[in-house]
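Subject: Structure handover and notes

Hello,

Please find the structure below. My notes on it follow.

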Amino acid sequence: VLKTWPADVVRVLDPSAADLAVAAARGYTTICASADDPPALPPQDVILCVQTLDHVRDPLAVLRWMRSLLAPGGWLYLDVVHAQEWARINGVRGPCFWKRDHPCYWSKPTLTAALRRTGWRIRIQGRYDRYHHAVWCKGV
């Protein structure tokens with residue numbers, strides 16, 4: 001996705017030095033930080049939260065933080081692992097499964113509820129891949 005955007009308008013926030021090095025090599029502004037401990041940033045027209053919300057300790061706080069950053073008329077894109085699809089595709093049965101780096105798992109209803117609760121309105125939704133649910137949102 002980032003390859004199609006001009007480098008001078010993109011900020012990449014990530015705690016991974018390796019991922020930031022790739023972004024910096026492409027000319028993007030990089031910020032070494034975590035969504036769990038976000039830095040102060042100016043208003044953003046578009047926020048891409050790609051395969052991140054599953055990995056944070058307090059996803060509602062992260063959603064509120066991103067809402068506070070969104071410029072008027074801006075958009076949020078995010079995708080998350082759809083827990084039931086992941087389990088079905090991987091042949092996992094039973095009510096309890098997890099990966100250590102995923103403190104949160106989502107279903108469409110839980111993601112929708114979290115977004116509504118934190119001031120977002122889903123405008124477009126679908127699949128990112130076999131088991132990632134994707135949404136484009138506007139602030140309420």
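A residue is called buried under 20% relative accessible area, exposed over 50%, and partly exposed in between, with a 1.4 Å probe and protein chains only. The model is predicted, so local features need pLDDT of at least 70 and side-chain atom pairs count only at pLDDT 80 or more, while totals for chains, interfaces and linings use all residues. Residues are numbered from 1 along each chain as its sequence is written, and side-chain values use heavy atoms, with hydrogens and water left out.

Aromatic rings

Rings of Phe, Tyr and Trp (its six-membered ring) pair if their centres lie within 6.5 Å; planes under 30 degrees apart count as stacked, over 60 as edge-to-face and the rest as tilted. Helices (H or I, at least four residues) and strands (E, at least two) are DSSP runs, numbered from the N terminus.

How many aromatic pairs does a search of the whole structure find? The search finds two. In one, the ring centres of tryptophan 75 and tryptophan 136 are 6.1 Å apart and the planes are at 80°, so this pair is edge-to-face. Tryptophan 75 belongs to strand 4 (residues 70-81) and tryptophan 136 to strand 6 (residues 132-139), so the pair links distant parts of the chain, 61 residues apart. Tryptophan 75 is partly exposed, with a relative accessible area of 28%. Tryptophan 136 also counts as partly exposed, at 28% relative accessibility.

The rings of tyrosine 77 and tryptophan 136 have centres 5.1 Å apart and planes at 55°, so that pair is tilted. Here too distant parts of the chain are linked: tyrosine 77 is in strand 4 and tryptophan 136 in strand 6, 59 residues apart. Is tyrosine 77 buried or exposed? Its relative accessible area is 11%, so tyrosine 77 is buried.

Arginine 67 lies over the face of tryptophan 120, at 5.7 Å from the ring centre.

Strands and helices

Two strands pair if DSSP finds at least two bridges between them. Aspartate 14 has cysteine 32 of strand 2 as its bridge partner. With helix 1 (residues 17-25), these strands make a right-handed β-α-β unit; right-handed means that, with the strands pointing away from the viewer, the path from the first strand over the helix to the second runs clockwise.

In helix 2 (residues 59-69), the buried residues are Pro59, Leu60, Val62, Leu63, Trp65, Met66 and Leu69. They pack against strand 1, strand 3 (44-50), strand 4, helix 4 (108-117) and strand 5 (120-127). Contact means heavy atoms within 4.5 Å.

Valine 81 lies in strand 4 and is buried, with a relative accessible area of 5%. Leaving aside neighbours within four places in sequence, valine 81 is in contact with Asp54, Trp86, His102, Tyr105, Trp106, Tyr131 and His132. Valine 81 and arginine 130 are 49 residues apart in sequence and 9.4 Å apart in space, C-alpha to C-alpha.

Cysteines

A disulfide is a pair of cysteine sulfur atoms within 2.5 Å. By this rule the count comes to zero disulfides. For cysteine 32, which is in no disulfide, the nearest cysteine sulfur is that of cysteine 49, 17 Å away. Cysteine 32 counts as exposed, at 60% relative accessibility. The sulfur of cysteine 137 is 10 Å from the closest cysteine sulfur, in cysteine 49, too far for a bond. Cysteine 137 is buried, with a relative accessible area of 0%.

A backbone angle

Most residues other than glycine have a negative phi. Glutamine 51 is not a glycine, yet has a positive phi of about 45°. Glutamine 51 is placed in the loop between strand 3 and helix 2, and counts as partly exposed at 33% relative accessibility.

Regards

Terms used
Lys NZ or Arg CZ within 6 Å of the ring centre and 35° of its normal.
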